[in-house]
Amino acid sequence: MQEQNLKKSQIHTLTIDQKKTVKATGVESVVAFSSSKICLNLLDGGRLYISGNNLKITAFSKDSGEFESVGSITSAAYGGRIGVKLFK
């Protein structure tokens, strides 16, 4: 229980390096992914949407909440869990 509380209080960070690498912390899970879109659940209850081309998930740890992806990143946006259609 204490470990879960520590995880819930983890700070979220997002770093995009030269539009080629995305690193994030405070990630709870990967909801969906393709070569053009990635959707992540964040520990704070929100979502992070990453769009681009040739996207590949290179690292994700549910225990630490760390995530990394490479590709040609065109956008990153935050949203809620309800009422958002990810893939058409």
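## A walk through the sheet and its core

Start by selecting Val22, Ala24, Val27, Ile38, Leu40, Leu42, Leu48, Ile50, Leu55, Phe67 and Ile73: these eleven residues make up the largest nonpolar core. A nonpolar core here is a set of buried Ala, Val, Leu, Ile, Met, Phe, Trp, Tyr and Cys residues joined through side-chain atoms within 4.5 Å. Buried means under 20% relative accessible area, exposed means over 50%, and partly exposed lies in between (1.4 Å probe, protein chains only). At least two residues of this core come from each of β2, β4 (37-42), β5 and β6.

Before moving on, note that this is a predicted model, in which local features need pLDDT of at least 70 and side-chain atom pairs count only at pLDDT 80 or more, while totals for chains, interfaces and linings use all residues. Residues are numbered from 1 along each chain as its sequence is written, and side-chain values use heavy atoms, leaving out hydrogens and water.

**The whole sheet.** Switch to a cartoon view and follow the strands, which are DSSP runs of E with at least two residues, numbered from the N terminus. Six of them form an open sheet with antiparallel pairing, in the order β1-β2-β6-β5-β4-β3. Which strands stand at the edges? They are β1 (13-17) and β3 (27-33), each with a single partner strand, so one side of each has no neighbour in the sheet. On average, neighbouring strands of this sheet are turned by 45° against each other, direction ignored; the axes behind that angle are lines fitted to C-alpha atoms, and angles run from 0 to 180 degrees between N-to-C directions. Two strands pair if DSSP finds at least two bridges between them.

**β1, β2 and the turn.** Now select β1 and β2 (21-25), which run antiparallel and are joined by five bridges. Ile16 stands opposite Val22 in β2. This hairpin has three residues between its strands, and there Gln18 takes a positive phi near 50°, although Gln18 is not a glycine. Is Gln18 buried or exposed? Gln18 is exposed, with a relative accessible area of 65%. By contrast, four of the five residues of β2 are buried, so β2 is largely enclosed by the rest of the structure.

**Across to β6.** β2 also pairs with β6 in the antiparallel sense, over four bridges. Select Ala24 and you will find Phe67 of β6 opposite.

Stay on β6 and pick Ser69, which is found in this strand. Ser69 is buried, with a relative accessible area of 1%. A polar atom of the Ser69 side chain lies 2.9 Å from the backbone oxygen of Lys56. Show the surroundings of Ser69, and its contacts (heavy atoms within 4.5 Å) include Lys20, Val22, Ile38, Leu55 and Ile57, not counting residues up to four places away in sequence.

**The β5–β6 pair.** Next, highlight β5 (residues 47-61) and β6 (residues 66-79), antiparallel strands joined by twelve bridges. Ser51 stands opposite Ser75 in β6. Then move to Asn54 in β5, another residue other than glycine with a positive phi, near 55°. Asn54 is exposed, at a relative accessible area of 59%.

**Last stop, Leu48.** Return to the core and select Leu48, one of its residues. What does Leu48 touch? Leaving aside residues up to four places away in sequence, Leu48 touches His12, Leu14, Ala24, Ile38, Cys39, Leu40, Leu42, Ala76, Ala77 and Tyr78.

How values were computed: Polar contact = N/O pair within 3.5 Å; in protein donor to acceptor, adjacent residues only side chain to side chain.
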